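Q: I have a structure open here and would like to talk through a few of its features. Could you help me with that?
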Amino acid sequence: MAHHDSGPMTLTVDDVEVTVPHGTTVFDAARLAGITIPVLCHQQNQTPVGVCRICVCDVGERALQASCVFKAEPGMVVKTNTEPIQAVRNTLYELMLSDHPSPCIRQQQSHDCELETQAAAAGVLPAANRFKQRAVPVMQADDSSVAIHVDYSACILCDRCIRGCSEIRHNNVIARQGKGYFAAIAFDSNEPMGNSSCVSCGECMVSCPTGALTNKKIVGQSLFEDSDGDPTTHNKAYPVETEELLALPVFKGVSGTFLELNAGAVVKRMYKAGEVVVREGDNGSTAFYILEGDVDILIGGPRAHVTTENEQDGFFKKMVSRIRPKTQDVREGERTTPTHIRIDAPVDLPYNDPIAQLHAGDLFGEMTCMSFYPRSATVRAKTDCVMLEMLRNVLDVMQKNKTFRAKLEANYRGRALGTHLRSVPIFSTVSEDFIDILRDRVELIRFAPGQIICQEGEPADSFFLIRIGFVRVSQKRLGEDLVLAYLPRGGYFGVMGLLREIPRTATCTALDHVEVVKIKAPDFHLMLDRFPEIRLQIEAVARQRDKENTFQLQRTTERQSAQPLHQFLAQGLMDAQSLLILDLEKCTRCDQCVKACADAHDGVTRLLRDGVRFDKYLVATSCRQCRDPLCMVGCPVGSIRRKNSLEVIIEDWCVGCGLCANNCPYGNITIHEFDRDGKDAGTKGKVRKATSCDLCHDMKEPSCVYACPHDAAHRVKPNEFFAGMLGTNLDEAAK
Amino acid sequence: MPLPEVLVNIEPGRNKLGVFEDLRHVQENIGYVPTREIERIATRRGVAVKDVHTVASFYPHFRLKPPIRVDVRVCDDMTCHLRGAHQLQRALARQYASASEHVQVRDISCVGRCDHAPVVSINEHYHEDTNFRQIVTEIDKELVAPRVEGHSHPPRSPEERGIAIQCDPYSSPTDHYSIYRSLLANKNFDEALAELKGGELRGMGGAGFPTFIKWEGARKSPGDEKFVVCNADESEPGTIKDRFILQYLPHMVFEGMMIAGAIVGAQKGYLYIRHEYELQTEVLNEELAHLREIGLVGNNILGSGINFDLEVFVSPGGYICGEETALMEAIQGNRSEPRNKPPRTVNSGVWGKPTALNNVETFCHAITILGRGGEWYHNIGRNGSPGIKFVGVTGNVRNPGIFEVPMGTTYRELVFDYAGGPFEGREIIGFAPSGPSSGYLPASLLDTPLDWDKVKALGSMLGSGAVVVCDDTSCMLDMALVASRFYRNESCGKCSPCRIGTQKLVDLLENWTLGINNPGDNKLLKDLSNVLRAASLCGLGQIAPAPIQSVIKHFPELMKRHIEDHVCSAGICFAGSV
């Protein structure tokens with residue numbers, strides 16, 4: 001019982017008399033007496049909680065008391081380190097170590113796991129542990145955050161991260177969950193950290209005594225080093241002081257220690273006017289934040305070079321082909337040509353004059369940095385510029401920062417919402433005054449890879465437009481997830497539920513780091529009411545989706561009993577719409593087909609006489625026009641796409657990054673160099689573009705088929721062609 | 001579709017008061033608590049999502065995932081274990097192994113119906129005195145058509161059993177609350193306290209702390225806002241007496257709380273009851289409605305200028321909620337984790353305000369003393385032990401039940417005279433004077449009288465009077481393991497000694513019952529017991545080693561046979577039945 005309400009008091013700690021103010025804890029009194037009591041859950045800048053019990057002392061009570069919370073009293077006699085106390089502490093270390101990986105990540109990285117070092121100092125070694133280890137981990141490790149790794153097995157539930165998050169930073173994300181031996185920390189309602197409302201301030205990681213929360217350094221990369229060899233970033237990288245970063249509003253509320261740990265992951269660079277910062281198609285792993293100056297952001301003008309002009313009278317005369325604008329590629333049902341090209345920056349580029357400006361306070365290169373997509377555009381300093389170049393952990397910190405989010409949203413609403421919405425063909429007619437109405441109502445929401453944006457069966461309450469990243473649309477069919485589409489930037493989803501006023505018909509999942517624009521149901525309906533032509537088009541789209549869905553459902557049903565179809569399905573042939581097959585019983589391997597293809601396409605063949613075999617046929621390496629084309633995932637400028645027909649085409653604003661070629665599971669896309677033409681983006685000479693089979697679409701039949709002297713080459717619809725052999729036509733069955 | 005909001009008023013600064021009602025409302029409507037509802041509750045209450053999730057995930061009552069069609073939970077704590085619950089659970093698990101999509105068989109901590117062991121909960125409906133065939137029938141019924149409503153039985157009434165309750169000073173219901181009425185009129189609080197002191201009223205929840213000291217402490221503690229809390233969260237295996245008192249003497253419990261409120265100067269009383277006592281909750285709410293009707297709660301009661309309101313607070317579950325500060329945390333809408341003490345609850349209890357917290361029986365007996373006089377109460381006890389006590393006698397006895405007995409009665413009388421003694425041909429080998437916390441005593445100590453100090457002198461405790469009797473079909477080492485499992489299951493996890501240590505204790509004892517012994521095990525158990533006792537934050541962890549330590553102390557021969565010879569005379573251990 002406390003007897004005095006104020007004033008100093010004297011007590012004895014391990015035979016040392018010490019006078020302390022009223023209200024001092026035993027732990028602090030000992031500290032003032034020059035005695036350090038070992039502790040794990042207590043830090044000077046946090047409210048003590050007394051949960052680890054390492055700091056227990058004999059204060060004359062029945063049981064030992066946690067000195068970090070127990071208040072000193074006048075005349076109290078405290079023993080901090082008697083043999084029985086040491087024994088208790090050592091068993092406690094042993095208990096904690098029995099479920100703790102030793103060495104944990106922190107111990108491996110920096111040899112400062114407080115549990116392991118304290119235990120070792122007390123002579124308690126992991127190898128000599130007498131307790132049975134935890135059988136099942138309390139939670140699987142969580143690697144979803146870009147900045148921080150979570151290893152629950154190393155956690156000792158000291159609550160330091162919880163207090164760091166809530167008391168120090170007021171972010172209120174972390175709390176305990178569960179009970180007893182199965183208690184653990186949780187982010188929000190036990191989301192993966194990367195999906196939670198965590199702002200990546202780093203305070204929890206800095207507070208953690210063990211390897212439970214550790215800094216994810218981007219291994220093997222320091223921005224100081226890579227600038228030497230790379231001609232595009234030949235200018236010098238300057239270090240940025242942590243104080244300088246913390247002074248920027250966009251880093252407000254971030255732990256300084258955390259930024260120091262990531263020194264080298266963010267640097268400052270200066271650019272002279274006219275200097276190129278990044279070039280379209282290049283690979284990269286960094287994002288840029290403009291501190292001072294303006295930049296031009298541009299891509300080489302849309303040029304025709306992927307499709308080649310031909311003459312009606314035979315392919316042998318196409319030895320010389322001429323580049324021409326690709327106007328006839330407009331598909332049925334698509335009323336307008338694209339107005340804007342989407343790039344990895346807070347603006348879209350006008351199709352006809354693909355150049356725009358960014359200014360101080362803008363961020364670009366997010367997708368390259370977070371998801372390693374190639375650069376979607378060239379950025380050139382318009383004036384002298386100062387920029388921060390950063391790796392993805394620092395970008396993540398910035399993207400999640402509340403101040404930066406607010407600014408980003410304001411910029412988006414003010415500058416980009418209009419062009420972004422209208423760059424989607426069916427919304428192209430939305431008027432400026434309506435955009436003004438939407439401006440304050442839309443929300444920008446981020447999703448981590450794998451996070452579900454909307455779930456099949458949930459009430460539909462909003463419409464989504466993709467600002468950054470790729471979204472996978474899937475449906476549950478007969479217990480398995482069926483992918484319906486991969487939507488890129490500019491893609492939209494959530495229409496069906498809203499239009500039909502039914503629950504969500506599909507699950508939409510973030511494939512990589514995704515940011516979507518959310519338009520709430522009432523605003524969406526208002527838009528349809530105001531613009532009837534949009535309603536008409538959307539209803540057409542919805543009907544089309546209905547049809548496709550039915551088809552997919554039935555096809556899956558077919559898959560159920562697919563024993564004779566097994567090989568057909570295993571080779572993915574059912575997903576192809578058009579296969580180039582060579583009847584090996586007729587084929588003499590004369591290679592006329594390959595030559596014909598090369599002749600038809602500037603001397604570069606788009607066909608290889610090689611591939612998988614099905615029955616007596618060789619499935620040649622040539623575009624299959626898949627129903628679910630993986631090649632479309634990731635294109636930084638959205639130039640590989642399918643319109644309303646199911647053919648995959650490569651638009652002429654391709655930046656030649658090669659991603660689609662890497663994505664195609666069948667090796668059917670190749671990258672070729674072409675002569676540079678039209679408006680120049682900076683360098684002279686060749687330019688790389690992706691090519692794939694275009695079915696020689698202006699001719700009666702493909703050159704390869706036409707050229708085969710043995711009637712061995714055929715372009716077929718596989719489901720139809722093989723129907724007899726398989727005993728069923730998968731397409732017919734679907735209808 | 002979104003749920004209609006629950007209209008629990010949100011008190012500024014106490015945003016989480018009532019959060020359990022929000023969660024319950026969601027669960028009753030949807031069957032579980034999905035994330036989006038957690039987010040909605042957080043938004044409405046102006047707290048962070050993690051603040052709601054942390055409590056929703058703490059209490060076993062709340063499901064965060066869609067429920068399985070038939071959730072079968074078998075109690076396997078002390079008494080039920082003695083009555084074959086372990087075998088029952090294994091048989092049920094086998095029976096429904098191929099139907100695991102629809103039927104889940106798992107354990108549940110003691111639900112306070114030990115006089116009708118074994119107890120099985122099917123979709124939160126409690127089946128007493130049950131057996132395999134009956135449960136299979138019930139499960140099959142539930143599979144076809146889920147039960148809509150229905151309660152389990154109340155404890156058998158005094159009338160049914162042909163006994164009179166001695167502690168009730170009122171001969172007729174019309175006299176109820178007359179003690180409170182006269183106290184409000186004369187305001188002689190000092191005299192009332194002196195009467196309690198004279199009757200030597202002690203905390204009947206198990207601690208035996210003199211009640212008048214507690215009430216005086218809360219009375220003297222400065223503050224405009226004070227609370228009275230009745231701890232009706234009896235959750236210790238074997239403890240069933242409060243359920244009886246709440247069912248048949250609710251007027252005494254409430255009146256005791258009202259008297260305490262008047263004495264300490266509190267404005268609000270919470271009766272914190274475990275959610276498994278639905279029937280008793282109903283009884284209490286009816287009594288409370290009656291109190292409101294006759295104007296004995298509210299503002300300016302009977303013109304005395306005294307304000308006092310009562311609330312029945314339904315616990316979302318867990319033994320740890322019975323720890324006084326953990327209980328207060330629960331009332332505040334937090335995780336039920338005990339606080340570091342001091343401060344003591346009389347100075348800093350609910351919301352940090354002075355609070356007088358007592359057990360159901362303590363409030364009840366306060367009325368006995370004030371009605372019949374401290375002298376009567378003091379003298380009713382036998383052999384120099386003052387007072388009376390409600391005691392539950394369960395386990396391997398013929399007539400398990402709740403008995404009101406004078407203090408000083410011996411355990412032998414309780415077991416043989418009140419509870420009918422052992423079954424035919426069986427012999428009692430040991431007993432727990434008060435559930436797992438008291439540890440086990442050998443049958444040779446049955447002549448010990450019911451007396452706080454005399455039981456304490458044996459290294460045990462009188463506790464809440466939850467006598468659990470073990471005959472020669474049971475194994476004391478197995479019983480120690482069962483008790484250890486209970487503590488492991490019910491540890492809140494706040495402090496590391498208890499969170500990790502209780503599990504490691506179970507690991508060690510499981511090995512022993514399987515015949516796996518290591519040379520250092522005795523030292524290991526000693527170290528582990530020591531760290532639990534000395535370093536745990538609250539009584540749960542501190543008492544967790546008691547069962548095994550008591551078995552080692554009082555049953556050395558049995559331990560030796562187990563450890564050295566791997567022989568279990570009851571045939572329970574080493575047979576793979578654990």
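Q: How do α11 and α12 of chain A pack, and at what angle?
A: Bear in mind that this is a predicted model. In it, helix α11(A), residues 402-422, packs with helix α12(A), residues 432-439, at an angle of about 125 degrees, and their axes are 10 Å apart. That angle makes α11(A) oblique to α12(A), because angles of 65 to 115 degrees count as roughly perpendicular and those over 145 as roughly antiparallel.

Q: And is the crossing left-handed or right-handed?
A: The crossing of α11(A) and α12(A) is right-handed.

Q: Which residues make that contact?
A: From α11(A) they are Arg413(A), Leu417(A), Gly418(A) and Leu421(A), while α12(A) brings Glu432(A), Ile435(A), Leu438(A) and Arg439(A). Sorted by class, this contact has 4 nonpolar, 1 polar and 3 charged residues.

Q: Switching to the two chains, how many residues are in contact?
A: On chain A there are 38 residues in contact with 39 residues of chain B. The largest share of the chain A side, 7 residues, comes from α2(A), and its class make-up is 22 nonpolar, 9 polar and 7 charged residues.

Q: Now the sheet in chain B: what is the strand order?
A: This open sheet has 5 strands in the order β10-β9-β13-β11-β12 (chain B), with mixed pairing. At the edges stand β10 (401-406) and β12 (441-442) of chain B, each with a single partner strand, so one side of each is left without a neighbour in the sheet.

Q: In which sense does β9 pair with β10 there?
A: Strand β9(B), residues 388-395, pairs with β10(B) in the antiparallel sense over 6 bridges, and Ile388(B) has Pro406(B) in β10(B) as its bridge partner.

Conventions
Residues are numbered from 1 along each chain as its sequence is written. Chains are lettered from A and ligands numbered from 1 in the order in which they are written. This is a predicted model: local features need pLDDT of at least 70, side-chain atom pairs count only at pLDDT 80 or more; totals for chains, interfaces and linings use all residues. Two strands pair if DSSP finds at least two bridges between them. Helices (H or I, at least four residues) and strands (E, at least two) are DSSP runs, numbered from the N terminus. Two residues are in contact if their C-beta atoms, placed from the backbone, lie within 7 Å. Ala, Val, Leu, Ile, Met, Phe, Trp, Tyr, Cys and Pro count as nonpolar, Asp, Glu, Lys and Arg as charged, and the others, Gly among them, as polar. Axes are lines fitted to C-alpha atoms, for helices over the stretch in contact, and angles run from 0 to 180 degrees between N-to-C directions. Angles under 35 degrees count as roughly parallel, over 145 as roughly antiparallel, 65 to 115 as roughly perpendicular and the rest as oblique. A crossing is left-handed if the near helix is turned anticlockwise from the far one by less than a right angle, and right-handed if clockwise.
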